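Work through the exercises below with the structure open beside you. Try each task before you read its solution.

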Amino acid sequence: MEKPTRKGPLLARNKFDVDEELSEEFNIHAVRRILAYLGPYRGMVSFAVVLMIVASFMALLPPWLIQQALDVALPKGDVGYLVELSLAILVTVVVGAGALYFRIRVMNRIGQNVIHNLRGDIFARLQELPFSYFDSRPHGKILIRVVNYVNSLSDLLSNGLINLIADLFSLVFIVGFMLVLDLRLTLICLTVLPVLFAAILLMQRRQRMAFQDLSRKQSNLNAYLHESLSGIKITQSFAREAETESIFGRVGEAWRSSWMKAVGIMFATWPVIEILSVFGVCLVYVAVVDWFRDAISVGVIVAFVGYIWRFWAPINTIGQFYTSLVQSAAYLERIFETIDEPSAIVDAPGALEVAKVRGEVEFRSVDFSYDTGAPVLRALSFHVHPGQTIALVGATGAGKTTIVNLLSRFYSPSAGVLLLDGVPLDQFLLSSLRRHVGVMSQDNFLFSGTIADNIRYGKLEATDAEIEAAARAIHAHDFIEKLPEGYNTPVSERGLRLSMGQRQLISFARALLADPAILILDEATSSVDTETERLVQRGLAHLLDGRTSFVIAHRLSTIQNADRIFVIDEGKIVEEGKHRELLARGGAYSRLNGAGGR
Amino acid sequence: MYRWFWSFLHPYRFLMAGALVLTVFTSALGMVNPSLTGILVDKVVLGRDFKLLWVLLGLLLGATVIRMALRYLFVMSFEHVSQRLVKNLREHLFTRIQHLDFAYFDRTRTGDLMSLMTSDLDMCRHMISWVTYQSFENALVFVFSVSVLFTIHAGLTAILLLATPFIGVSAYYLIKEVRPQFSLVRAQFSKLNSVVQENIAGNRVVKAFVREEEELRKFRAENDEYRNRNLEASRVWGKYIPLIEGFSGLLMVIMVLGGGWLILEHQMTVGSLVVFTGLVWALTQPLRMSGWLINDLQRFLASLERLFELSRVESSILAPEHPRLGTGPTRGKFEFRGVDFAYGEQLVLQGISFTVESGQTVGIIGPTGSGKSTLMRLLARFQDPTVGQVLLDGTDLRQWPVEEVRRSVGYAMQDVFLFSDTLEGNLVFGRPQATVEQAIVAAKQAQAHEFIAKLEDGYDTIVGERGIGLSGGQRQRVALARLLLADPPVMVLDDTTSAVDLETEEHLQQTMRHLHGQKTVFIVAHRISTIAHADLILVLQEGRLTQSGRHEDLIQQPGWYRDVHFHQLGGEADPQGATVGA
């Protein structure tokens with residue numbers, strides 16, 4: 001038998017201890033893109049920069065004012081001038097505090113809005129991505145991108161950037177002052193800069209790699225954390241807590257040592273800058289004392305050295321900004337990687353919103369394989385009239401689920417075409433198509449909220465009466481009513497206090513409320529006991545009436561009552577017909593039946 | 001709470017103290033450069049003592065290099081301590097979480113736990129690696145400058161300090177008002193995390209119902225709220241921090257006015273005031289920083305509170321005080337004595353009593369929601385009965401070490417969870433030392449080998465979280481193989497073949513029959529054929545044990561079992577209604 005191979009290499013990334021790939025080079029493109037997010041807040045950014053300049057100016061004034069007091073007012077005993085100077089200092093203090101007040105507000109507004117928008121974009125993108133994206137990586141790694149990585153950018157974008165702009169300004173001012181004081185000394189002083197750049201460049205590469213490694217390790221830690229929290233019941237039931245803890249410890253240790261390496265390099269930057277700045281000061285003294293001798297006045301020397309000290313402070317903050325940029329670049333890359341992730345399934349240009357469909361389905365020689373795997377469907381063709389109930393029968397892995405996944409375009413066929421009401425599927429807007437094709441699967445995921453909320457998920461505008469009607473139709477009403485809070489009973493992701501069967505009934509009601517033209521039941525009733533299934537069956541019969549439906553099940557009388565039964569094997573229809581006909585034929589169907597019939 | 005946190009810091013207290021001492025040295029060395037440059041200007045530039053130039057410059061560079069080295073050392077020490085502490089804290093919390101009961105996980109969202117274990121923990125790291133030494137350094141500078149100023153002019157220093165109470169009051173209000181804001185931010189972050197996490201976990205349902213818009217709406221609400229909470233908090237601290245900075249700046253005004261007045265009154269020399277102006281920076285800087293540091297401290301405390309809360313959650317499954325000591329593997333004899341179980345008000349099981357001998361097979365059947373899974377959870381002590389006792393080998397389960405019970409009772413759940421690992425990795429989960437051959441044998445028994453062998457990478461195929469790449473039936477069989485490989489004396493199979501086709505199930509039943517006599521097996525099923533061979537069949541209805549006995553006896557009694565039997569049999573009797581192996 002041919003291999004019904006499923007996704008192999010596709011899932012290679014899907015492990016907590018497999019590092020994600022990151023590009024080798026520093027990605028300036030990612031930085032430029034994030035700056036685009038500041039675009040809408042251009043006005044605010046300019047305002048913040050102005051505030052910064054005002055604040056720096058206000059901070060520079062008091063030393064000069066105090067100097068005036070010491071040199072002019074006090075020797076003269078001019079009390080009036082002294083008071084005036086004090087008042088002037090008071091003004092600088094008040095204006096400075098006021099500027100700070102507004103700066104905090106503006107910067108927070110910018111920072112919070114930018115990350116808000118960025119997170120909105122990445123989340124919106126996630127909604128468009130196909131299953132395979134979620135299937136191919138641990139959920140913890142996706143989660144951390146949307147939440148933690150985005151958060152870590154807020155400081156860079158608000159404080160970091162505005163400080164950078166302000167510092168660049170003061171750097172220009174300082175160099176200006178230095179040039180005015182003495183050209184030669186300035187040039188001597190600036191000779192240190194190339195050394196600094198060389199040192200930074202030398203460290204930069206290692207630093208970037210260290211931070212990339214850190215972000216990978218963090219991703220792994222989060223993935224493992226997420227997975228072990230999700231699978232905790234299994235861990236407990238196998239009493240494997242100790243092993244899980246030791247793996248967790250190992251992953252945490254990897255993160256820790258990666259962190260220490262990264263900050264070890266990062267913190268080395270500051271000493272290099274400091275030592276070089278002192279070296280610059282030494283050069284100036286040597287020049288003054290040894291080379292130029294008496295050519296330069298003491299006043300100039302003192303002032304010049306004063307400026308050199310100031311010169312290095314902005315250089316240092318710029319260096320720090322660069323460090324956080326390097327650190328964030330690794331995060332940014334991840335975020336944009338997600339935003340840029342191509343969705344295999346997108347609306348074709350000119351795709352249509354279709355209000356109503358009849359439910360006529362046709363497969364025309366459809367081929368399908370998962371990524372690199374062997375073909376799952378080969379040249380599959382069939383035609384279904386509106387309102388027909390089709391049962392798909394065959395061994396596990398024969399391709400039944402794939403057929404229905406193609407129908408709601410969760411995947412696209414590798415070759416061939418699918419038609420709904422004679423129109424190729426890709427000419428429907430995806431949202432429009434999926435609204436007409438309802439799927440009830442085994443995966444009855446419930447969202448945290450009440451039972452009513454979860455049923456309402458099928459039709460957001462449904463009234464309480466409609467919800468109850470849906471619940472009654474599939475016989476969920478009885479058990480819901482018996483719960484202490486009835487329809488308002490809160491449930492969680494994994495379905496607090498509800499049995500699997502009960503959760504399945506709720507997801508039925510959810511699908512029923514959605515009222516799709518085509519209904520797919522993918523092993524949907526497997527967790528319901530026979531009696532409930534019998535009850536559901538009645539509801540289902542009523543539900544299937546007038547709808548095109550595809551039923552995949554192992555034991556359901558719907559199969560016997562189906563208009564047509566397709567027996568699927570190796571991605572092909574090997575038999576087709578009604579229950580009786582197929583039994584009479586004595587082929588694959590009757591063999592399957594015999595095996596179950598006992 | 002503080003004592004709890006201290007217990008994590010305790011092992012590193014000497015390293016911390018050492019690092020703080022280094023901080024003192026570094027701050028002191030910071031004073032060297034200004035004085036050296038002072039001498040340089042006086043002696044070399046003005047005094048023309050050129051020999052001194054090289055000595056002084058050498059000292060300047062040397063002092064800087066030493067200071068930088070020390071600084072690097074202490075900064076790295078703080079990083080080291082913070083990393084160790086966070087690692088220990090994380091592992092401690094993780095271990096605690098590992099041992100919490102099912103009820104906790106039923107009501108707690110993964111996203112909430114994720115945010116606690118990531119960003120709240122990061123606040124602790126920031127606290128140690130940044131806030132502590134910054135606070136210390138600033139306090140040091142403050143104390144140092146105040147004492148120097150006092151020796152120069154006590155009166156003026158006292159006047160200057162008059163401004164500090166205002167700063168104190170502002171700081172007090174900042175602490176009082178900002179903390180609740182930060183708690184709200186943290187709580188909202190948790191909510192945001194949960195919405196995103198559920199959206200990722202439920203992506204199939206979202207797509208199936210075309211609810212992307214609705215999901216975006218939910219997300220936007222939380223995302224907006226998170227931004228607003230942050231802005232709200234920043235409004236609070238943004239109010240007090242400028243105030244604190246402003247009051248700090250006031251010191252300069254006081255100094256000029258007060259100092260000027262003292263000079264005019266001949267209480268002070270101009271030279272002293274010059275020194276004052278030089279040092280006033282050292283006085284105001286720590287005061288200005290205090291606002292920011294208090295802010296960070298409050299942020300940390302808001303997170304610490306949440307972490308502490310997590311560490312205090314108690315599992316309702318308590319380890320026995322005097323555990324029954326291990327007497328080798330359990331025999332697997334179970335007895336339920338008048339067991340009731342309730343989730344809060346809701347009584348799920350009522351008056352359950354039965355006995356199962358070692359090696360017997362027990363079938364449990366009943367309508368959806370009748371308490372079957374709850375009963376099974378009691379067996380492996382995932383829950384304790386509200387009333388009554390569950391005895392294993394004649395000893396109350398609560399007297400057994402929990403680990404021992406779990407190792408004895410293997411549990412295959414309805415809701416199959418596979419880890420994102422290779423299939424082999426998943427199979428050996430319950431018995432990590434098992435060989436590949438043993439894994440294959442188990443997979444064969446569980447009818448999983450055939451499909452695994454057909455996969456491109458076979459046993460090395462990596463399956464997604466929750467086993468996403470596999471079909472329901474395949475997942476169930478992998479879970480069953482995992483259990484068979486773990487080979488516990490008691491096996492609980494909670495509806496583990498529901499998604500398996502009939503032919504495969506037939507094979508699985510043969511496997512199960514082989515276990516008869518060797519293991520105590522509990523099987524929850526919907527189909528009577530699955531459990532007809534059991535030594536004991538329990539019928540649960542609405543939490544009560546309504547019928548029990550062997551298949552042959554039960555089909556004679558009027559009741560639920562016979563009704564269901566005839567319904568299912570009816571299918572067999574009439575070829576038209578035959579169940580179909582799909």
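The model is predicted. Chain B holds 21 helices and ten strands.

**Exercise 1. Overall form**

Solution. 
- Step 1: Look at the spans along the principal axes. The C-alpha trace of chain B covers about 120 × 55 × 50 Å.

**Exercise 2. The sheet in chain B**

Task: State the strand order of the open sheet of six strands in chain B, then work out which strands lie at its edges.

Solution. 
- Step 1: Read off the order. It is S6-S7-S8-S3-S9-S10 in chain B, and the pairing is mixed.
- Step 2: Look for strands that pair on one side only. These edge strands are S6 (409-412) and S10 (544-549) of chain B.
- Step 3: Check the twist. From one strand to the next, it averages 15°.
- Step 4: Zoom in on one pair. S6(B) runs parallel to strand S7 (residues 490-494) of chain B, with four bridges. Val409(B) has Val490(B) in S7(B) as its bridge partner.

**Exercise 3. Two helices in chain A**

Task: Describe how H15(A) and H17(A) cross, and sort the residues of their contact by type.

Solution. 
- Step 1: Recall the method. Two packed helices are described by the angle and the distance between their axes.
- Step 2: Apply it. The axes of H15 (residues 464-473) and H17 (residues 500-514) of chain A come within 9 Å and cross at roughly 120°.
- Step 3: Classify the angle. Roughly perpendicular ends at 115 degrees and roughly antiparallel starts over 145, so H15(A) and H17(A) are oblique to each other.
- Step 4: The crossing of H15(A) and H17(A) is right-handed.
- Step 5: List the residues. Glu466(A), Ile467(A), Ala470(A), Ala471(A) and Ala473(A) of H15(A) meet Ala509(A), Leu512(A) and Leu513(A) of H17(A).
- Step 6: Sort them. Seven are nonpolar, none is polar and one is charged.

**Exercise 4. Where the chains touch**

Task: Find how many residues each chain brings to the contact.

Solution. 
- Step 1: Count by chain. Chain A brings 151 residues and chain B brings 146 residues.
- Step 2: Find the top contributor in chain B. Helix H10 (residues 212-264) gives the most to the side of chain B that touches chain A, with 25 residues.
- Step 3: Sort that side of chain B. It has 67 nonpolar, 45 polar and 34 charged residues.

Terms used. Residues numbered from 1 in each chain as written. Chains lettered and ligands numbered in written order. Predicted model: local features only at pLDDT ≥ 70, side-chain atom pairs only at ≥ 80, totals over all residues. Contact = placed C-beta atoms within 7 Å. Nonpolar A, V, L, I, M, F, W, Y, C, P; charged D, E, K, R; others polar. Pairing = 2+ DSSP bridges. Axes fitted to C-alpha atoms, helices over the stretch in contact; angles between N-to-C directions. Parallel < 35°, antiparallel > 145°, perpendicular 65-115°, else oblique. Left-handed = near helix turned anticlockwise from the far one by under 90°.
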